[in-house]
Amino acid sequence: MKNGVFAFIADVMTAMSNCSLYGKGHPAVLHLSEKARDVLEDLYNEGRFTISLLGDSVIINESPFPGRNLHMHAFIKKLRRSGIDKIAVTKGVTAAELKEFISELAASKGISGTYPHIVSGIIEVKLGDGGGADVSAVMSENVGRVKEVFQGVSRFKQLDMVGLEDIVVSFISTLRREQNILKVISPVKSYSEYTYAHNTNVAVLSIFQAESLGFKDDVLHDIGLAGLLHDVGKMFVAKEVLEKKDKLTGSEWEEMRKHPVYGARYLATLPDIPKYALVAAYEHHMKFNNSGYPETTRRSGDRQHIISQLNSISDFFDALRTDRPYRKSVELPSIIGLLTESSGRDFNPHLVKNFLRSVKGVTTALS
Ligand SMILES: [Fe+2]
Ligand SMILES: [Fe+2]
């Protein structure tokens with residue numbers, strides 16, 4: 001049974017890669033779908049084969065499945081990021097049906113086709129039904145979820161990656177339905193909430209920028225995770241410093257400025273962390289002209305990674321529009337002025353231009 005499940009997943013994942021590389025018409029996709037159909041013959045339980053995700057557990061034919069390998073990891077990630085939590089295949093499925101289903105999965109646009117022998121269950125993502133819940137309620141719920149995950153952060157514990165992945169799926173879904181980015185970003189309700197709302201907002205703003213630049217699928221999700229985790233190092237800064245309402249002293253600032261190193265060091269110890277998240281945690285206070293912190297021994301030609309450049313813009317934008325202990329929030333036209341002024345020095349000028357164009361585009365079109 002275990003080997004059969006692994007063989008089925010391997011065929012499906014290889015077929016998906018072939019679809020992405022060569023298109024669904026490539027003969028290898030049909031051949032692998034035929035192999036998957038044959039393997040299924042030994043996996044049916046009373047004529048059905050089901051795979052469900054429950055938290056970070058995989059349930060096969062109603063029993064927890066303990067095995068994991070690289071294909072299985074990739075398959076679970078694909079389902080989660082496509083918002084699918086259950087697939088049920090009934091006996092009689094054809095290779096052509098499997099091929100079509102696999103090609104839809106590969107395209108990461110959700111499952112819209114109907115299949116006589118395949119049923120998929122969709123994780124309920126807020127706003128995913130096209131309406132109902134209002135955006136600010138959904139986002140404030142997300143801030144609460146980010147808070148829960150962040151409060152569980154410690155050197156000795158795993159990060160709740162399943163929770164974070166689900167939050168990113170919700171952001172992408174929300175942004176597809178509410179185009180006015182200013183409505184999606186959450187207000188900060190209290191100083192102690194700042195870090196959680198800020199990480200939420202940076203993730204949303206980075207996904208917004210990345211989508212407008214044409215990033216898709218897994219890269220888009222990884223960029224969202226990088227935004228959510230960019231300030232995770234703050235969880236290792238003393239609470240008195242992190243939540244201080246007055247101006248920080250010199251030594252407190254020094255401690256605060258260590259959060260990129262703390263964050264990267266923490267993320268480096270965890271499995272399943274996209275490398276973008278680690279890089280962005282380390283680099284998000286570096287500047288486009290190679291200044292900023294942490295000070296490193298970078299050579300003059302070195303640049304911040306593009307994901308860190310996106311994050312830096314999101315970070316700057318969100319920090320300015322929030323009241324902080326040491327200053328009031330800044331109005332949108334002034335933020336735009338400040339971004340433009342520091343473009344080319346602190347931020348990548350092409351990304352600033354794209355960001356301002358996108359923000360102005362949606363806010364003017366919708367005002
Ligand atoms: Fe930061
Ligand atoms: Fe930040």
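This is a predicted model: local features need pLDDT of at least 70, side-chain atom pairs count only at pLDDT 80 or more; totals for chains, interfaces and linings use all residues.
Helix α5 (residues 135-151) and helix α6 (residues 161-177) have axes that come within 10 Å and cross at roughly 160 degrees. That makes α5 roughly antiparallel to α6, a term for angles over 145 degrees. Helices here are DSSP runs of H or I with at least four residues, and axes are lines fitted to C-alpha atoms over the stretch in contact.

The crossing of α5 and α6 is left-handed, meaning that the near helix is turned anticlockwise from the far one by less than a right angle. In α5, V135, V138, M139, N142, R145, V146 and V149 meet L164, D166, I167, S170, F171 and T174 of α6, with contact taken as heavy atoms within 4.5 Å.

## The iron site

Four residues coordinate the iron ion (ligand 2) at 2.0 to 2.3 Å: H198 (NE2), H230 (NE2), D231 (OD) and D315 (OD). Donors are N, O and S atoms within 2.8 Å of the metal (3.2 Å for Na, K and Ca), and sites may look incomplete because water is not among the atoms. Angles among the 4 donor atoms run from 80 to 174 degrees, and the site is irregular. Four donors would be tetrahedral with all angles between 85 and 135 degrees; they would be square planar, or six octahedral, with opposite donors over 155 degrees apart and all others between 65 and 115; anything else is irregular.

D231 also bridges to the iron ion (ligand 1), 3.4 Å from the iron ion (ligand 2). H230, in the loop between α9 (217-229) and α10 (239-242), and D315, in helix α14 (residues 306-320), are 85 residues apart. Both H230 and D315 are buried, that is, under 20% relative accessible area with a 1.4 Å probe, protein chains only.

## Conventions

Residues are numbered from 1 along each chain as its sequence is written, while chains are lettered from A and ligands numbered from 1 in the order in which they are written. Local features need pLDDT of at least 70, side-chain atom pairs count only at pLDDT 80 or more, and totals for chains, interfaces and linings use all residues, while side-chain values use heavy atoms, leaving out hydrogens and water.

Key. Helices (H or I, at least four residues) and strands (E, at least two) are DSSP runs, numbered from the N terminus. Buried means under 20% relative accessible area, exposed over 50%, partly exposed in between (1.4 Å probe, protein chains only). Axes are lines fitted to C-alpha atoms, for helices over the stretch in contact, and angles run from 0 to 180 degrees between N-to-C directions. Angles under 35 degrees count as roughly parallel, over 145 as roughly antiparallel, 65 to 115 as roughly perpendicular and the rest as oblique.
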